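Open the model in your viewer and keep the selection panel at hand. Each stop below says what to pick and what is there.

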Amino acid sequence: MAVGDRGGDRAGAGQKARLADREGFLAWAFLLPSIVYLTVLVVAPFGLTVAFAFSRSTSEAPSYRFAGLRNFRAIFGDHAFWRSLIDTLALTAVSTVLVVAFGTILANVLLADFRFRRTVRTAVLLPWTTPVALSAISWRWLLGSAGSPVDRILREASLLHGGESPLARAPSAMVSVVAVHVWRLTPLAAVIVMAGLAAIPRGVWDAAHLDGAGFWRRFFGVTLPLTLPVTAVAAVFTAAFTVGDMAVVRVLTGGGPGDSTQVLPALAYLHGVDRGDAGSGAAIALFLFPLFLAGVMVVLRVMRRMGHRP
Amino acid sequence: MNGLAARTAAREMGRQRRMAAAQQVAVRVTVYAVAVAAALVCAAPFLWGLVSAFEHDTGGSARTVRGPTTEHVRLLFHSTPFATLVVNTLVVGGLVVVVTLALALPAAYALTRLHRSWGTPAGIAILLVYLVPPSLLFLSLSRVVATLGLADSFWSLVLVYPTVTVPVSVWLLAGFLRAVPVDIEEQAMVDGHSRLGAFVRVVAPLVLPGVAAVVVLTFTLAAGEFTYALTFVWSGARMPVSTGLPAVLGSGDPALWRTVQTGAVLVAIPLAVACGLFLDRFVAVLVVGPDRD
């Protein structure tokens, strides 16, 4: 009996193929629920967001009224929008670079063998597994309260004077937001890079070692090039989770002082929910879409290089 | 002449060995230094939260140390809805895990074992959904949720969270499934099981460790989500902990700051410990992904 038959029905075996044996049917039956679920709750709502962006829809008058480019004209005329767009891009770029750098170092260290490895690994996972909003609460307490270690260090270094906190001034508030993003996403990047490192056959390092390559030579000549695709994926996920996040800003700084740390998602929420103007909220949120597309492009290229055939 | 050459060679070898040993020591020291520094930085806000949770609140005036207090912990359970928030998170997380597994396990099986020509593109398309930021969809989904009559109910989160958790779970489960040798399944079919029967009775039990890892990850993602929870649920008693605890601070009582820190630490530690147990398993399958043959 041709068990490994990839064609699906096994009529050749002289047995009528039952539904539970037909691979073509099973494949569809197994995959369809997920695809339908994601289409209904991700793809369709995206279409709805686009529709909202061209509508005059508010929470008082939720019915759909086409408004053309009105929302876009309104947000283009808004200084706060441009500022948050630029801030979001800069914040994402800086965070991603730092996360990838720290993540690569951390991944190499976490794979090494040392005492208290389990404790260190658990501690390192904390930033990623803790709900972002709760981490932001803890950071606000560590950065913003008088007498905290950070407060004392900054005062000792004369970077902070009087009764002010780092979250109350524009430049240092933005630095704090970047720091929290880097802190919370470095473990994720490290785990992804670790997976890439673990997939390198041991023999490659040994061969390089035999050829006389030293530690740094092996790191830059073998490890780094071989983990480059995975590192790119880590960078894309980091960027996606930074650009789309509103929890850090809403909880840590509330967008302030003034509007100085208002990122795009938080601004979309402010317009769409707090002010009840779903139309302009959706128009602002749509500016995240090109960034999502860029991420998709990178992932597809990496997949192709790693031998998947999309 | 010969002796000199031998001595030179021996000296050279000794020098190289010493250098290698020195390098080894340098690597060990660096590993420990980075590991300890990383652990401290990663735990920093929670360590400080823990310390201040047992300190007396001096209200910003000159602090007098009077030993630890459990007052803030007591307040967490008596003056804040923390217990309710945690129960909400557990219920939402549990239900999301069930929905996610019901959708993702068959999908991962179809992608890894049933060899369709569209298997790989479908797998990659599903993974890419994970990149869609919730902030792109929360406004339109809040209308969907309201139309379904789920506004201000945690059922809205049970409905929407699988859009975040299914893509990751499909990807990871596909990796775990690939680790199960095809022979085992084929033997089961020779023994008279149908394709479906072989999956349910033979393959599914073998991927249980992987399923456990996905359960923990799915729960962690569901517990951590913020944007949808903030938009869909606004009554204090119905919120999950990720929006409920910040809302306690929003109510404005500064005396509750230390109390809320305690809550954050109490949520953070179990999640990190649970995920830590499965870290090696995630690392093993993350890169493999669906359909590489």
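## Stop 1: the nonpolar core

Select Ala136(A), Ile192(A), Ala108(B) and Leu173(B): they touch the most other members of the largest nonpolar core, which has 167 residues. Helix H7 of chain A, residues 170-198, supplies the largest share of this core, with 14 residues. Keep in mind that this is a predicted model.

Now zoom in on Ala108(B). Which residues does Ala108(B) touch, beyond those up to four places away in sequence? They are Val170(B), Leu173(B), Ala174(B) and Leu177(B).

## Stop 2: chain B as a whole

Chain B shows 14 helices and zero strands. Its radius of gyration is 27 Å, well over the 19 Å that the globule rule gives for 293 residues, so chain B is more spread out than a compact globule. Along the principal axes, the C-alpha trace of chain B spans about 90 × 70 × 35 Å.

Next, colour chain B by burial. Of its 293 residues, 47% count as buried. Then draw the contacts within chain B between residues at least 6 apart in sequence: 77% of these join residues at least 24 apart.

## Stop 3: a helix crossing in chain B

Select helix H2 (residues 71-78) and helix H13 (residues 257-277) of chain B. At what angle do H2 and H13 of chain B pack? The angle is about 80°, and the axes lie 8 Å apart. That value falls between 65 and 115 degrees, so H2(B) is roughly perpendicular to H13(B).

Show the side chains at the crossing. H2(B) contributes His72(B), Val73(B), Leu75(B) and Leu76(B). H13(B) contributes Arg258(B), Thr259(B), Thr262(B) and Gly263(B). By type, the residues of this contact are three nonpolar, four polar and one charged.

## Stop 4: where the chains meet

Bring chain A back. Here 87 residues of chain A are in contact with 88 residues of chain B. Which helix of chain A gives the most to the side that touches chain B? Helix H1 of chain A, residues 23-53, does, with 16 residues. Colour that side of chain A by residue type: 63 are nonpolar, 17 polar and seven charged.

Now pick Thr163(B), in helix H7 (residues 162-178) of chain B. Is Thr163(B) buried or exposed? It has 21 C-beta neighbours inside 10 Å, so Thr163(B) counts as buried. Leaving aside neighbours within four places in sequence, Thr163(B) is in contact with Leu38(A), Leu41(A) and Val42(A) in chain A, and with Val129(B) in chain B.

Draw a C-alpha to C-alpha distance.

## Stop 5: two positive phi angles

Go to Phe116(A), in the loop between helix H3 (79-111) and helix H4 (117-129) of chain A. Phe116(A) is not a glycine, yet its phi is positive, at about 60°. Phe116(A) counts as exposed because it has 12 C-beta neighbours inside 10 Å.

Finish at Asp152(B). Where does Asp152(B) lie? Look in the loop between helix H5 (134-147) and helix H6 (155-160) of chain B. Asp152(B) also has a positive phi, about 55°, although it is not a glycine. With 13 other C-beta atoms within 10 Å, Asp152(B) is partly exposed.

Key: Residues numbered from 1 in each chain as written. Chains lettered and ligands numbered in written order. Core = buried A, V, L, I, M, F, W, Y, C linked by C-beta atoms within 7 Å. Buried ≥ 20, exposed ≤ 12 C-beta atoms within 10 Å, placed from the backbone. Helix = DSSP H or I, 4+ residues; strand = E, 2+ residues; numbered from the N terminus. Contact = placed C-beta atoms within 7 Å. Rg over C-alpha atoms; globule rule 2.2 N^0.38 Å. Axes fitted to C-alpha atoms, helices over the stretch in contact; angles between N-to-C directions. Parallel < 35°, antiparallel > 145°, perpendicular 65-115°, else oblique. Nonpolar A, V, L, I, M, F, W, Y, C, P; charged D, E, K, R; others polar.
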